[in-house]
Amino acid sequence: MEPCRQTNISGVFLMQASVLLSRGITLLKGPVARGSIIGLGLRLGGLGLMFAQAVIAARLLGAQDYGVVTLLLAIAQIAAAVTLMGYGSFATAEVARGVKLKQFGIRRKFLNHAAMRIAGASILVLPLAYVMGFYWLDGLKWQLAIPLLIAIPVLAAIQLLRGVALGLGRPFWGVVPGEVLRPALLVATLIAAAFFVKSSSATFVTLYMATAVIALVIALPTVTSRKDEPQASGELDISAPRQWDRAALPFMGIHLASILQLELATLMLGLMAGPEAVGLFQPISRLSMLLMLPIYALSVAFNPKIAGLYAEGETEAIEDLAGKHTVAATLLIALGGLAIGLAAPLLLSLFGKEFVSAAPLVWFLVAGRFVHAACGPGAELLAMTQNSGKAFRCLVMGIAAEACIAAVLIPIYGLIGAAIAVAFGLSARSIALLVTTIKVLKINPSYLRLNLG
């Protein structure tokens with residue numbers, strides 16, 4: 001990218017950051033801020049560990065094998081989302097609602113019901129995951145297939161426990177097992193294994209599976225213990241479990257669509273350009289994912305709070321919290337995007353010299369993240385107010401837009417086409433969510449509305 005063009009882009013983010021900074025300082029108090037600070041610290045540690053994991057894997061494996069494991073993990077994430085059947089995100093809303101209504105027995109009943117659904121779904125999903133891996137890699141050796149298939153239901157279970165913990169108001173235990181502990185263990189075991197065994201894609205996937213199992217074992221008692229559970233003062237509807245399956249399905253669609261939004265470019269690059277192109281693109285994607293930190297951190301406290309306020313009919317409070325969410329997220333992403341864009345050459349050099357040439361493409365992904373934040377938390381608002389189906393349609397629209405652009409541009413421009421497609425799809429999804437939120441909830445959480453009044 002030419003220096004003058006890069007300077008102009010940097011100037012845009014500096015102007016936005018200066019405007020947002022004064023507004024962001026006022027958001028340091030309140031229930032969302034307190035929970036979000038905890039979430040922010042945990043997410044920062046987790047993303048730092050996952051970034052270290054990516055750097056070590058790229059260094060040890062090289063672009064080709066790194067692309068192989070990236071494709072396999074993308075398949076694992078998609079399969080785990082289907083196996084989970086929406087119960088991870090649904091748990092946050094349903095358990096929070098039950099706690100609000102003092103239906104404290106909901107936790108045990110919900111966990112038992114969801115665990116049975118995950119076990120049943122695994123029977124159907126695992127063979128399909130194997131077929132996907134075989135097709136994308138032109139064959140799938142058993143050294144890769146076995147740990148991949150074991151990891152899928154384990155990842156689904158970790159996400160279920162995360163949702164329950166967040167619904168119970170325990171952000172620490174909701175985030176730590178899967179997003180801090182698991183990558184920390186993987187980083188440590190990758191470094192140790194490098195001294196004893198030859199680094200390979202099979203070694204990486206096996207360690208990934210093993211550390212996920214350990215994280216699940218540690219996470220289980222944090223949400224299943226009943227020592228601190230008070231006596232229920234609200235009656236639990238015995239018909240609720242029969243209704244949960246139907247209510248959770250839109251959450252599955254949203255979860256799956258969100259993962260596809262992240263992994264679609266990876267999968268299409270794998271089909272059209274091969275694992276090496278995937279390996280080169282993955283570090284760029286990793287850098288842009290750092291900008292998801294503010295959204296994730298804010299959602300830890302924001303989502304259950306919105307679910308509780310909606311149950312009480314507090315529309316004005318919902319709109320106020322949504323506005324604060326938008327200002328905070330836009331501020332943090334503007335500052336973070338500028339820093340990441342400028343530091344991209346240095347950061348990509350950590351992965352290896354072959355990755356540095358793709359540094360200018362980070363600006364495309366940064367732009368998409370900025371548009372997403374400025375449009376406000378539409379997906380979260382719709383999901384937590386029983387409008388998950390409408391949010392799902394918006395996500396599908398974004399995926400379709402990205403897929404169309406990627407199909408046209410990747411064969412011609414390779415990595416550049418993939419970066420443009422990701423930014424375009426994310427922007428289309430965010431605008432669609434904003435329009436739907438305004439239409440359905442009569443709430444405009446966008447930064448433009450907040451800034452212009």
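**Exercise 1. Which helix does Thr437 lie in, and is Thr437 buried or exposed?**

Before starting, keep in mind that this is a predicted model.

Step 1: Find the helix. Thr437 sits in helix H15, which covers residues 415-441.

Step 2: Check the accessibility. The relative accessible area of Thr437 comes out at 0%. Buried means under 20%, so Thr437 is buried.

Step 3: List the neighbours. Leaving out residues up to four places away in sequence, Thr437 touches Gly378, Leu381, Leu382, Lys442, Ile443 and Pro445.

**Exercise 2. Work out whether the span of helix H12 agrees with its residue count, then decide how enclosed the helix is.**

Step 1: H12 runs over residues 362-374, which makes 13 residues, and at 1.5 Å a residue they should span 18 Å.

Step 2: Compare with the model. The end C-alpha atoms of H12 are 19 Å apart, which agrees.

Step 3: Look at burial. In H12, the buried residues are Val362, Trp363, Leu365, Val366, Gly368, Arg369, Phe370, His372, Ala373 and Ala374. That is 10 of the 13, so H12 is largely enclosed by the rest of the structure.

Step 4: Peek past the end. Just after H12, Gly376 adopts a positive phi of about 90°.

**Exercise 3. Describe the second largest cavity: its volume, its lining and the helices that supply it.**

Step 1: Sort the lining by helix. H8 (240-272), H9 (275-289), H12 and H15 each supply at least two residues. H9 gives the most, with 4 residues.

Step 2: The lining divides into 7 nonpolar, 4 polar and 1 charged.

**Exercise 4. How many disulfides does a search of the whole structure find, and are Cys375 and Cys404 buried or exposed?**

Step 1: Recall the bond. A disulfide covalently links the sulfur atoms of two cysteines.

Step 2: Run the search. Over the whole structure it finds 0 disulfides.

Step 3: Cys375 has 9% relative accessibility and counts as buried, whereas Cys404 is exposed at 51%. The cut-off for exposed is over 50%.

Key
Residues numbered from 1 in each chain as written. Predicted model: local features only at pLDDT ≥ 70, side-chain atom pairs only at ≥ 80, totals over all residues. Heavy atoms only, no water. Expected span 1.5 Å × (residues − 1). Buried < 20%, exposed > 50% of the residue type's maximum accessible area, 1.4 Å probe, protein only. Contact = heavy atoms within 4.5 Å. 1 Å grid on protein atoms, 1.4 Å probe; cavity = no way out; pocket = protein on both sides within 12 Å on 5 of 7 lines; lining within 4 Å. Points joined across faces, edges and corners; volume = space filled by probe spheres on them. Nonpolar A, V, L, I, M, F, W, Y, C, P; charged D, E, K, R; others polar. Disulfide = S-S within 2.5 Å.
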